[in-house]
Each structure stands twice: as structure tokens, then as C-alpha cells.
Amino acid sequence: MIFSWQGQSGHWYEFDVARSKRAWEPKGGVYMFVKPGDYPTMEAGGPVALYIAQTNSFMDALGRHSMWGAAQALGAGEIHLLEI
């Protein structure tokens, strides 16, 4: 699944959506822990990025991320990835 996020410049970026932790690749980029919106109706205002960071290796950063548990407690159920 792909989801588009708009950057500060106004440019749109397409992020790959991972619904759970998995075997991450040693590729770098931007990642976000996201609380999903109500996709059929978007009544909840769409998804909410709870944590945003960049890394040189998704494998190193996401393998045992210290903020994932806190993000899940706030409703995060997806990790959005943009390879750079």
C-alpha cells in the first residue's frame, strides 16, 4: 500500500505502508510511526504522524526502536517508509 504525504515545500512524497514490524532492509530514508485514519470516510481527519525520523538503515533503526511501544500506545498501527 502507498500513502502520499505533503512536505513543507508543497511537494508530495509517496511512502510505502508497513502495517507491522517485519524484517527490515539495510536501506536508508525517512520513516514515520502513523496512527491510521478512518480510510473509508476519513471522518477522523486522516492519518496522524506520531513520530518522524530519518536513518541510514531501516534495519538498524526499526529492528528494536525505543519509540515504537509509545507510538502504539497512542494508536500507531502503521510504519510509513520513504527510501532515499
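Two strands pair if DSSP finds at least two bridges between them. By that rule β2 (residues 12-18) pairs with β5 through three bridges, and the two run antiparallel. The model is predicted: local features need pLDDT of at least 70, side-chain atom pairs count only at pLDDT 80 or more, and totals for chains, interfaces and linings use all residues. Residues are numbered from 1 along each chain as its sequence is written, and side-chain values use heavy atoms, with hydrogens and water left out.

**Strands**
- Helices (H or I, at least four residues) and strands (E, at least two) are DSSP runs, numbered from the N terminus.
- β3 and β5 also run antiparallel, joined by six bridges.
- Across from β5's isoleucine 79 stands alanine 18.
- Histidine 80, also in β5, has methionine 32 opposite.
- Five of the six β5 residues are buried. Buried means under 20% relative accessible area, exposed over 50%, and partly exposed in between (1.4 Å probe, protein chains only).

**Nonpolar cores**
- A nonpolar core is a set of buried Ala, Val, Leu, Ile, Met, Phe, Trp, Tyr and Cys residues joined through side-chain atoms within 4.5 Å.
- The largest such core holds 13 residues; Trp24, Tyr31, Phe33, Leu62, Ile79 and Leu81 have the most contacts inside it.
- Two or more residues each come from β3 (29-35), α1 (58-62), α2 (68-73) and β5 (78-83).
- The biggest contribution is from α1, with three residues.
- A second, separate core has eight residues, including Phe3, Val30, Met32 and Leu82.
- Beyond its neighbours within four places in sequence, tryptophan 24 is in contact (heavy atoms within 4.5 Å) with Ala18, Phe58, Met59, Leu62, Gly63, Ile79 and Leu81.
- In soluble globular proteins, nonpolar side chains tend to be buried together.

**Aromatic pairs**
- Rings of Phe, Tyr and Trp (its six-membered ring) pair if their centres lie within 6.5 Å; planes under 30 degrees apart count as stacked, over 60 as edge-to-face and the rest as tilted.
- The count comes to five aromatic pairs.
- Phenylalanine 33 and tyrosine 51 are stacked, because their ring centres are 5.4 Å apart and their planes at 25°.
- This pair links strand β3 to strand β4 (residues 48-55), 18 residues apart.
- Phenylalanine 33 is buried, at 0% relative accessible area, while tyrosine 51 is partly exposed, at 25%.
- Phenylalanine 33 and tryptophan 68 have ring centres 4.9 Å apart and planes at 70°, so this pair is edge-to-face.
- Tryptophan 68 lies in helix α2 and phenylalanine 33 in strand β3, so the pair ties together parts 35 residues apart in sequence.
- Tryptophan 68 is buried, as is phenylalanine 33.
- One aromatic cluster is formed by Tyr31, Phe33, Tyr51 and Trp68.
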